[in-house]
Amino acid sequence: MRKIVIPGELIDEKPLRILDSIVENNKTYSTIMGLYDDEKKSLIPLEGLWYPNRDDQVIGIIEESKLNTETVILNAPYKGLIISKYSEGKMASGDFIEASVKELDKTGTVILTRPRTLRGGKIIKIKPSKINRLLGKNNTMIRQISEGTGTRIIPGLNGMIWLNDGNIDLAIDAINTVCKEAHTSGLTERIGNMLKSTKSTTIITEEKVEEEMI
Amino acid sequence: MKGNIELIKNGKRLDGRLAGDLRDIKIKTNVVKNAQGSAYIEWGNNKIIAAVHGPSEALPRHTANPNKAVVKCRYMMAPFSSSEEHGRSGMNRRAIEISKVTGEVFENVILRDQFPGTEINLYIEVLQSDGGTRAAGITCAAVALAASGIPMRDLPYSVSAGKVGDTVILDLNKIEDNYSDADMPVAILPRNNEIVLLQMDGSLTTKQYSDAMELIIESGKKISAIQRTALLEPYVASENKNKG
């Protein structure tokens with residue numbers, strides 16, 4: 001049985017070790033808004049922040065390029081930093097990059113490694129708590145959107161998503177719908193229908209234009 | 001009773017409420033698109049917006065705490081919010097005080113050790129005031145923080161109590177606030193009734209104090225339920241839409 005919980009709400013009478021919960025007087029309480037599953041004993045955040053972990057794939061924007069380092073804007077409390085020994089080639093400020101997290105150092109900077117510049121495209125921000133739903137089981141959801149719109153989509157766990165080629169606007173609409181309805185069931189099907197119906201309408205309008213021209 | 005205003009007539013207060021009645025409360029979440037989380041409250045004639053930014057890098061750097069996040073709160077009344085003059089030249093002494101105590105309420109509630117070296121900015125803007133704005137502001141800001149996904153121990157609520165003559169009353173409006181014999185805003189964590197804010201103007205006897213706390217804790221159940229409904233509303237609405 002799944003239920004929505006708010007901060008401070010009792011989720012179990014026993015002390016449990018679940019992310020985003022605290023134990024007081026041998027009882028477990030939620031610290032965020034989330035969906036709690038009684039059987040699986042899992043708490044899925046509905047609203048939440050991204051906290052850097054090792055090997056997280058992130059998308060960022062180069063803020064400043066200095067002699068040996070580049071600072072990166074991430075959708076997070078902390079700034080990213082690329083040290084030249086982990087990067088190949090120079091990056092300019094404003095470049096979009098994909099990288100993975102090496103560590104969070106003591107001064108509160110996220111050290112990034114294996115950066116890759118992403119040419120062109122667009123970056124959008126969504127809530128980091130929705131990224132897992134956007135990926136779907138075995139990346140089914142993101143693949144469906146990517147194939148349905150012909151867009152290349154690279155999601156970062158920090159809530160930034162890079163899109164290029166194809167029908168970007170439709171892809172963004174689909175992503176926003178996923179974020180809005182992340183907690184509902186039958187979402188994959190609805191997104192599939194949404195992509196199909198938009199496709200068919202565009203074809204009809206193209207045919208109409210051709211007819212009018214004749 | 002100060003002045004010549006009779007605040008309680010035939011057991012009823014000026015706006016028709018009984019001694020232990022709350023005003024009507026409405027809360028709406030996510031009203032400000034660019035904020036991390038936000039909420040709007042209508043508490044009687046009070047209209048307040050609260051918004052949260054962060055956690056982000058603490059600036060200036062010397063304000064950062066390497067072990068915990070710092071909470072920076074700004075409570076401000078709009079110049080048009082009340083019949084008296086407020087906020088015409090930025091923060092006055094009253095606004096600075098309320099910002100401080102509100103910030104301290106949330107310092108005790110937010111799990112700050114999860115975000116060392118950062119700051120959480122909390123803005124409370126009073127658009128229209130009718131007494132009890134600090135209590136309404138805290139109640140609203142708690143919802144905004146929950147909607148932003150910042151981890152908290154509990155969802156605090158706040159309400160004021162006071163006395164007129166020998167009668168203890170709950171949730172004072174502006175006239176009652178000005179002419180009553182005592183005014184005591186309290187913020188409470190509902191799970192174990194832990195007090196995170198307690199201020200008082202005037203004086204209460206021990207008996208009156210415990211009566212006031214009883215009224216506050218009883219009304220807190222209603223306020224917490226309203227906060228909960230407001231937070232769940234967007235999710236319940238989209239679920240119903242898909243079913244329908």
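This is a short talk on one helix of chain A, its packing partner, and the contact between chains A and B.

Keep in mind that the model is predicted.

I'll start with helix α2 of chain A, residues 140–149. Which of its residues are buried? They are Met141(A), Ile142(A), Ile145(A), Gly148(A) and Thr149(A). These residues lie on the same side of α2(A), because they cover an arc of only 135° around the axis. As background, an α-helix has 3.6 residues a turn, so residues three or four places apart point the same way. On the other side of α2(A), Thr140(A) and Glu147(A) are exposed. After the helix comes Gly150(A), with a positive phi, near 70°.

Next, the partner. Helix α3 of chain A, residues 168–180, packs with α2(A) at an angle of about 155°, and the two axes are 9 Å apart. Angles over 145 degrees count as roughly antiparallel, so that is what α2(A) is to α3(A). The crossing of the two is right-handed.

Which residues make this contact? From α2(A) there are Met141(A), Ile145(A) and Thr149(A), each of them also on the list of buried residues. From α3(A) there are Leu170(A), Ala171(A), Ala174(A), Ile175(A) and Val178(A). By class, that gives seven nonpolar residues, one polar and no charged ones.

Last, the two chains. In chain A, 22 residues are in contact with 27 residues of chain B. The side of chain A that touches chain B has 10 nonpolar, seven polar and five charged residues. So much for the chains.

Methods
Residues are numbered from 1 along each chain as its sequence is written. Chains are lettered from A and ligands numbered from 1 in the order in which they are written. This is a predicted model: local features need pLDDT of at least 70, side-chain atom pairs count only at pLDDT 80 or more; totals for chains, interfaces and linings use all residues. Two residues are in contact if their C-beta atoms, placed from the backbone, lie within 7 Å. Ala, Val, Leu, Ile, Met, Phe, Trp, Tyr, Cys and Pro count as nonpolar, Asp, Glu, Lys and Arg as charged, and the others, Gly among them, as polar. A residue is buried if 20 or more other C-beta atoms lie within 10 Å of its own, exposed if 12 or fewer, and partly exposed in between; C-beta atoms are placed from the backbone. Helices (H or I, at least four residues) and strands (E, at least two) are DSSP runs, numbered from the N terminus. The arc is that of the directions from the helix axis to the C-beta atoms. Axes are lines fitted to C-alpha atoms, for helices over the stretch in contact, and angles run from 0 to 180 degrees between N-to-C directions. Angles under 35 degrees count as roughly parallel, over 145 as roughly antiparallel, 65 to 115 as roughly perpendicular and the rest as oblique. A crossing is left-handed if the near helix is turned anticlockwise from the far one by less than a right angle, and right-handed if clockwise.
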